[in-house]
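Here is a short tour for anyone who likes to read a fold from the inside out. Have the model open and follow along.

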Amino acid sequence: MELGSIGKKVKEMRLRRKKTQQQIADQCGISKSLLSKIENGQTASAVATLSKISEALDVPLAWVLDDKMEQELVLLKKENRQSQVGDASMGYSYELLANRSQYSGIEPTIVHVNPKDVNQRTEPFTHSQDEFIYIIKGSIYLYYDGNKHYMETGDSAYFQGSKPHLFMPVSNEEAQVLTCFIDRT
C-alpha cells in the first residue's frame, strides 16, 4: 500500500472518530507534526507507530496497512503481495502477509532489515502487542530491554512489545524476519 493510502485511511478514521491530530498524537506518544506527515503521505512510519495509531483509532493494524476486506480464508501468493513500506530512516521495510487481525488478534508481516551500510535507526520501538519473530534469511542483533542478542536464520524469539526493542543488521546483507504481532487479551 502506498504511503498516501495509509495516511488517507488514518486521517479518515481519525475524523470519523471526531479526534484531533493532537489527541491521537498524545495518545500514541508521537508529535502532532509526525502524525500530520503520516496522514499526508509525506513520511513512512514504523510498524510500531502505525500499531499505536491503529490502537488509538480502535481499528486493526491490518486495516491500516491493507485495503481488502477480511475473509475466512486469506490466500496471498508471493507475486501478489503488496510492495514493501518503509525507508532507510526506519531501519527496515515490511510487507503485510494476511488481514485476519479482527478475528485472530495476530498481525503477520515480513520485516526486511536494511543492510548495515544504509540502516539509520538506533532508537528502539515499543508497542502494546506481544511479538513473535523468526529469522527467515540473514542475521540480526535483537536489542531487547537493554540486552543484545545475536540471531540468525532459523532462530526465533517471543517477547513483550511494551519493552524497548530493535532489529539491527549484522552485515551489509538484508535480513528478513517473519514477525507476528499478537494482541494480549
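What percentage of the 185 residues of the protein chain count as buried? In this predicted model, the share is 45%. The chain is built from six helices and nine strands. Among contacts with a separation of 6 or more, 66% join residues 24 or more positions apart. The accessible surface of the chain is about 9800 Å², and carbon and sulfur atoms contribute 47% of it.

The largest nonpolar core has 41 residues, and the members that touch the most others are Leu50, Ile53, Ile133, Ile140, Leu142, Phe167 and Val177. In soluble globular proteins, nonpolar side chains tend to be buried together. Helix α4, residues 47-56, gives the most to this core, with five residues. That helix is largely enclosed by the rest of the structure, because eight of its ten residues are buried. Just after α4, Asp58 takes a positive phi of about 60°.

Beyond its neighbours within four places in sequence, Ile133 is in contact with residues including Ile140, Leu142, Phe159, Phe167 and Val177. Its contacts also include Asp155, Ser156 and Thr179.

Next, the hairpin. Strands β5 and β6 pair in the antiparallel sense over six bridges, with two residues between the strands. Asp145 in this hairpin has a positive phi near 50°. Tyr141 stands opposite Tyr150 in β6, and Lys148 lies over the face of Tyr141.

How many aromatic pairs does a search of the whole structure find? There are two. In one of them, the planes of Tyr144 and Phe159 meet at 50°, so the pair is tilted. This pair links distant parts of the chain, since Tyr144 belongs to β5 and Phe159 to β7, 15 residues apart. Both Tyr144 and Phe159 are buried.

The two ring contacts described above have these distances:

| Group | Ring | Distance |
|---|---|---|
| Phe159 ring centre | Tyr144 ring centre | 5.2 Å |
| Lys148 | Tyr141 ring centre | 4.1 Å |

Methods:
Residues numbered from 1 in each chain as written. Predicted model: local features only at pLDDT ≥ 70, side-chain atom pairs only at ≥ 80, totals over all residues. Heavy atoms only, no water. Phe/Tyr/Trp six-rings, centres within 6.5 Å; stacked < 30°, edge-to-face > 60°. Helix = DSSP H or I, 4+ residues; strand = E, 2+ residues; numbered from the N terminus. Buried < 20%, exposed > 50% of the residue type's maximum accessible area, 1.4 Å probe, protein only. Lys NZ or Arg CZ within 6 Å of the ring centre and 35° of its normal. Core = buried A, V, L, I, M, F, W, Y, C linked by side-chain atoms within 4.5 Å. Contact = heavy atoms within 4.5 Å. Pairing = 2+ DSSP bridges. Areas by Shrake-Rupley, 256 points an atom, 1.4 Å probe, with all protein chains shown as cover.
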